[in-house]
Amino acid sequence: MTSPQQIGWGLVGLGRIAKQEIAPAIGSAANSSLVGVVSRDASRAAEFASEYGASNAYDDYDALLGNDAVDAVYIATPNALHADQVVAAAKAGKHVLCDKPLALTVPDAERVIAACEDAGVRLGLTFQSRNYEGMAEVRQLVADGGIGDVVLAHVEMSSGRTLLGGWRTDPSLAGVGSMNNIGVHGYDLLRYLLGSEVVEATALLGTEPGFELETTALALLRFANGTLAYVNANQSTPHHQPDVVLYGTEGRVLGKDVSRPNLDGTFTITTENGETRREVSSARGYEATVARFADAVLAGRAPSPSGLDGLRSVALTDALARSAREGVTVTLTP
């Protein structure tokens, strides 16, 4: 390790998320330092390294993996590249925090997990919604039966009218559209809050004129604990409302402006004893995700979200895509 209290990071893929969220998160986390960055464009890598204080800039991924000061790699490349890049990092003995999705197919996701297990490295996913302020407390409330049994849940992951662009319009690189782009965060968040797995999945997809991949994805989910859930992941409507609502037999959790990054919102909990309201922020979700992954590496424990969470996400997205394509409800093994 860089030190007993800090890990050194390598960053591959220097697009918007890396620039706006991940590099600043690594710089802000006390247990992390940015050692190197890599891009196919050497000048872009050098400029990025200079801006964010990395001591090394590469135009070759293997060169980054060969740097002994790099303890962990953050992968922020197009979706189709994730699986092979995670496997390469694992073989080089590097821990990996991978942007979602882990892979485009279940077999590839399983291959990734096996490679990390064989190499003895930690694998985490960037489902940063788990780390938004207030989410852990809602999960505990549900686990404690604070609103009774959760009968119905609703999550809106919409980002406003932000149509797919760049490689995200290419099925060979993106896999699917809004589901992989934003929907997976809602699916994982429900798994986390409910502490349960999806056993049935149904989807309807909508596509804007001129696009090959979906820009609206509506998912109906049945969880093993009996909860029915609805997730709205769309990039088409301009006036979005990024809320999370859990309806229990003895109360309700209403989260307003809590499901998307960099928002100020509220959680209102209603029970037979009255109502409580808490102001929360999702502004530091990425920083918390990076810092907690580094903590897991330093402590030698499995991170949350883990590689298994990434596999579950790929399996569910695959099921939803099949549902929409074939017009059927797909059963999953919890």
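Which residue in E11 is the bridge partner of Val 150? In the predicted model described here, local features need pLDDT of at least 70 and side-chain atom pairs count only at pLDDT 80 or more, while totals for chains, interfaces and linings use all residues. Residues are numbered from 1 along each chain as its sequence is written, and side-chain values use heavy atoms, with hydrogens and water left out.

The bridge partner of Val 150 is Gly 248 in E11. Helices (H or I, at least four residues) and strands (E, at least two) are DSSP runs numbered from the N terminus, and two strands are taken to pair if DSSP finds at least two bridges between them. Strand E7 (residues 150–156) pairs with E11 in the antiparallel sense, over five bridges. Strands of a sheet pair through backbone hydrogen bonds, either parallel or antiparallel.

E7 and E11 belong to an open sheet of nine strands with mixed pairing, in the order E14-E13-E12-E11-E7-E10-E9-E8-E15. Strand E14 (274–281) and strand E15 (330–331) stand at the edges with a single partner strand each, so one side of each is left without a neighbour in the sheet. Within the sheet, strand E8 (residues 198–206) and strand E9 (residues 216–223) are antiparallel and joined by eight bridges; Glu 200 stands opposite Arg 222 in E9. E9 is in turn joined to E10 by seven bridges, again in the antiparallel sense, and Ala 217 has Ala 233 in E10 as its bridge partner. Four residues lie between the strands in the hairpin of E9 and E10, where Gly 226 takes a positive phi near 100°.

Contact means heavy atoms within 4.5 Å; axes are lines fitted to C-alpha atoms, for helices over the stretch in contact, and angles run from 0 to 180 degrees between N-to-C directions. Helix H6 (residues 135–143) lies across E7, E11, strand E12 (251–256), strand E13 (264–271) and E14, and runs at about 15° to E13. Helix H8 (residues 178–194) packs on the sheet and touches E7, E8, E9, E10 and E11, its direction making about 25° with that of E9.

The loop between strand E10 (228–234) and strand E11 (244–248) contains Pro 238. Residues up to four places away in sequence being left out, Pro 238 touches Gly 160 and Arg 161.

Trp 9 and Phe 293 form a tilted pair, 5.7 Å centre to centre with 45° between the planes. Trp 9 lies in strand E1 (residues 7–12) and Phe 293 in helix H9 (residues 285–299), so this pair ties together parts that are 284 residues apart in sequence.

Open space was also examined. On a 1 Å grid over the protein atoms alone, a pocket is an open set of points with protein on both sides within 12 Å along at least five of seven lines, and lining residues have an atom within 4 Å of a point. Grid points are joined across faces, edges and corners, and a volume is the space filled by probe spheres set on the points. The largest pocket holds about 1100 Å³. Of its 48 lining residues, Gly 15, Arg 16, Ala 76, Trp 167 and Arg 168 are the closest to its centre. H1 gives the most to this lining, with five residues.

Note on methods. Rings of Phe, Tyr and Trp (its six-membered ring) pair if their centres lie within 6.5 Å; planes under 30 degrees apart count as stacked, over 60 as edge-to-face and the rest as tilted. On a 1 Å grid over the protein atoms alone, a cavity is a set of points where a 1.4 Å probe fits but cannot get out, and a pocket is an open set with protein on both sides within 12 Å along at least five of seven lines; lining residues have an atom within 4 Å of a point.
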